[in-house]
Amino acid sequence: MAPTPGGDRRTRVHVVSDVHGNASGLARAKDGADALVCLGDLVLFLDYADHSRGIFPDLFGAENAHRIVELRTARRFDEAREFQRGLWAGIGVDRATAIETAVRKQYAELFAAFPTPTYATYGNVDVPPLWGEYAAPGTTVLDGQRVEIGGWTFGFVGGGLRTPMRTPYEIDDEEYAAKIEAVGEVDVLCTHIPPEVPELVYDTVARRFERGSTALLDAIRRTRPRYSLFGHVHQPLVRRMRIGATECVNVGHFASTGRPWALEF
């Protein structure tokens, strides 16, 4: 905790989301803070800005990655899946095994980079069953749970909602709403996805609306946390806005910036 001129001690928390393989930045993300909060998406499957990076181009090359990005950006998801099926058939390896092996390699590096203490929840591209194998004692994983940091209560809800992308940790709206309800009233509500507000869910580069949560929006209006912190939308139309008494903040695309968002209280 940092001292103030009057002698009181304040708490500084750094918050990151959408790490997508940036282990070197993650290792420095807590510098100058009392704790790190991570809102998920550790895995880098495919980098939409650099098509040579990620699990997919490692397996199939940058040219095929470029084609997948083109199809997904055009929302031609069925064609993208058919194209991927052909690629997997062509290399003759088990898809699930190959992806798990690649994810494990990334998790080993990323979890080793987490500073102490870290409080983390899952993103939609994460694989929750594997986290318990890699999280060290200084990393606390929370989903539908609360924790106290510096006298404030932080609630965590991980994952995303169902989309045509079919990423690994997408869940039904009802299950997501139940986790929001389980968290209850908190000072800081930490989620991977944003509340369902057009300005917060629209990605200006991908040119599409991502899925936000109406249950999260309802909870913000009802329970009035001091902050709602989230990521998921890499290039949002609006990065922060107030909903009633709550300051809603997209903490940023950490993979590209390497800069945490700072909360001091």
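Twelve residues make up helix H3 (residues 62-73), and at 1.5 Å a residue they should span 16 Å, which agrees with the 16 Å between its end C-alpha atoms. The expected span here is 1.5 Å times one less than the number of residues. Helices (H or I, at least four residues) and strands (E, at least two) are DSSP runs, numbered from the N terminus. This is a predicted model, so local features need pLDDT of at least 70 and side-chain atom pairs count only at pLDDT 80 or more, while totals for chains, interfaces and linings use all residues. Residues are numbered from 1 along each chain as its sequence is written, and side-chain values use heavy atoms, with hydrogens and water left out.

**Helix H3**

- Ala65, Ile68, Val69, Leu71 and Arg72 are the buried residues of H3; buried means under 20% relative accessible area, exposed over 50%, and partly exposed in between (1.4 Å probe, protein chains only).
- Look down the axis of H3 and these buried residues fall within an arc of 165°, so they line one face of the helix; the arc is taken from the directions from the helix axis to the C-beta atoms.
- As background, an α-helix has 3.6 residues a turn, so residues three or four places apart point the same way.
- The buried residues of H3 pack against helix H2 (55-60), helix H4 (77-91) and strand S13 (208-209), with contact meaning heavy atoms within 4.5 Å.

- Arg75 sits in the loop between H3 and H4 and is partly exposed at 46% relative accessibility.
- Asp41 also has a positive phi, near 60°, and is a residue other than glycine.
- You'll find Asp41 in the loop between strand S4 (35-38) and H2, where it is buried at 3% relative accessibility.
- The Thr116 to Pro117 peptide bond is cis, with omega near -5°, and Pro117 is in the loop between H5 and strand S5 (118-120).

**A buried glutamine**

- Gln106 belongs to helix H5 (residues 95-113) and counts as buried at 16% relative accessibility.
- Leaving aside residues up to four places away in sequence, Gln106 touches Leu42, Val43, Leu44 and Ile55.

**Nonpolar surface patch**

- Leu59, Ile91 and Val93 make a nonpolar surface patch of about 210 Å².
- Ile91, one of these, is in helix H4 and is partly exposed, with a relative accessible area of 35%.
- Patch residues have over 30% relative accessible area and no salt bridge, and nonpolar side chains (Val, Leu, Ile, Met, Phe, Trp, Tyr) are joined within 5 Å, like charges within 9 Å.
- Accessible areas come from the Shrake-Rupley method with a 1.4 Å probe, and for residues only the protein chains shown count as cover.
- A salt bridge is a side-chain nitrogen of Lys or Arg within 4 Å of a carboxyl oxygen of Asp or Glu.
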